[in-house]
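Please walk me through this structure. Start with the core, then turn to the salt bridges and the pockets.

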Amino acid sequence: MKTISLYFSPTGGGEKIAKAIQHAMDANDHDYQYFLNLTKQSLTDENGTIDENLPVIFTIPVYGGHLPKIARSRFDKVRSACGQPAILVAVYGNRAFENALVDLEQFVKERGFNPIAAAAFPCEHSYSTDDTPIAVGRPDVLDLKAAEEFGRLVREKILRKDFTTINAADLHDEPSPETSIKNFVSFVKKYQTEQASTPKVFIPEVDKDKCGECGNCRSVCPADAIGDDFLTDPALCIKCCACVKSCPEQARSLTSPFARPLSENFSARKFPCHLI
């Protein structure tokens, strides 16, 4: 079996999951694998229409419980001419994936695809630091094994010629402790009140004394938000922290008010889940 994998993965966690799923669906046939990394590029009218009747794996990160606008724009031109099976994959920072898979399901259906499977995988949060760890090092070996198992199960479904459409809303978040949810909701309400009276934009900052101007940050930024002066454009930045995590000099940092409450309330390991 051959598959097509399309993914948007600023910090690489989603890419690892997407490749593990594809390897299993292709029965680990490495001779030829068709994938497009859409983190830095968008599909065009020329390569967006997928004529062959191949399963397509869509992998996206979760931002605020939804399919990110920038990922939506990267995938926008994708079309299926024959109701190809779609495999929906969301990666999230150990809190919740909420409506992201439902968003993705609607998105692919509008473009002619038939969603036959869905999965969600915890990955290291963009805001995770040594001081505020959130799912550090994930996806790890266990996560990648779970991704491969998911891929094998989807492969078996397709080989049975079972193209039953799934309902992404049937895949639910692993519940967090009630106290953690209450703490986080309380923080969000306070944050929103403060932002309403005194708005403040939080974006990655650069320590010029540490910066070696290697250009790594600019090369990985999916939104082209970093200028020649290595400062971040707040109008473009999506706060994915790809620039922070890729800086060899640790010259870039993002001090998000969300980091600590996320770390304090959602540190317990959550597990991958799927629907086939």
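What follows is a short tour of a predicted model.

Begin with the packing. The largest nonpolar core holds 44 residues. Leu6, Phe58, Phe75 and Leu101 have the most contacts inside it. Several elements each supply at least two residues of this core: β1 (4-7), β4, α3, β6, α4, β7 and β10 (273-275). Helix α4 gives the largest share, five residues. A second, separate core has 17 residues, among them Ile17, Ala20, Ile87 and Ala117.

Residues three or four places apart on an α-helix point the same way, because the helix has 3.6 residues a turn. After α4 comes Gly112, with a positive phi near 90°.

Now take Phe75. Leaving aside neighbours within four places in sequence, Phe75 is in contact with Leu6, Tyr7, Phe8, Leu38, Leu43, Phe58, Thr59, Ile60, Phe107 and Arg111.

In one of them, Asp76 pairs with Arg111, and the closest N and O atoms are 2.8 Å apart. Asp76 sits in the loop between α3 and β5 (79-80), while Arg111 sits in the loop between α4 and β7. The two are 35 residues apart, so the pair links distant parts of the chain. Which partner is buried? Arg111 is buried, at 12% relative accessibility. Asp76 is partly exposed, with a relative accessible area of 31%.

Next come Asp143 and Arg138. Their side chains meet in a salt bridge at 2.7 Å, N to O. Asp143 counts as buried because its relative accessibility is 1%, under the 20% cut-off. Arg138 is buried too, with a relative accessible area of 7%. Salt bridges that share partners join Arg138, Asp140, Asp143 and Arg269 into one network.

A further salt bridge joins the side chains of Glu124 and Lys245, at 3.2 Å from N to O. Glu124 lies in the loop between β7 and α5 (141-159) and Lys245 lies in helix α8, so the pair ties together parts 121 residues apart in sequence. Glu124 is partly exposed, with a relative accessible area of 27%. Lys245 is partly exposed as well, at 35% relative accessibility.

Turn to the open space. The largest pocket contains about 980 Å³. Of its 39 lining residues, Val62, Tyr63, Gly64, His125 and Tyr127 are the closest to the centre. The elements giving two or more residues to this lining are α1 (13-25), β6 (85-92) and α6 (178-197). Helix α6 provides the largest share, four residues. By class, the lining has 20 nonpolar, 13 polar and six charged residues.

The second largest pocket has a volume of about 470 Å³. It has 20 lining residues, and the closest to its centre are Ser128, Thr129, Asp130, Val244 and Lys245. Elements α8 (242-246) and β9 (252-253) each give two or more residues to this lining. The classes are eight nonpolar, eight polar and four charged.

Finish with Leu231, in the loop between α7 (216-220) and α8. Buried or partly exposed? Leu231 counts as partly exposed, at 45% relative accessibility. Beyond its neighbours within four places in sequence, Leu231 is in contact with Val206, Lys208, Ala225 and Ile226.

Methods: Residues numbered from 1 in each chain as written. Predicted model: local features only at pLDDT ≥ 70, side-chain atom pairs only at ≥ 80, totals over all residues. Heavy atoms only, no water. 1 Å grid on protein atoms, 1.4 Å probe; cavity = no way out; pocket = protein on both sides within 12 Å on 5 of 7 lines; lining within 4 Å. Points joined across faces, edges and corners; volume = space filled by probe spheres on them. Nonpolar A, V, L, I, M, F, W, Y, C, P; charged D, E, K, R; others polar. Core = buried A, V, L, I, M, F, W, Y, C linked by side-chain atoms within 4.5 Å. Buried < 20%, exposed > 50% of the residue type's maximum accessible area, 1.4 Å probe, protein only. Contact = heavy atoms within 4.5 Å. Salt bridge = Lys/Arg side-chain N within 4 Å of Asp/Glu carboxyl O.
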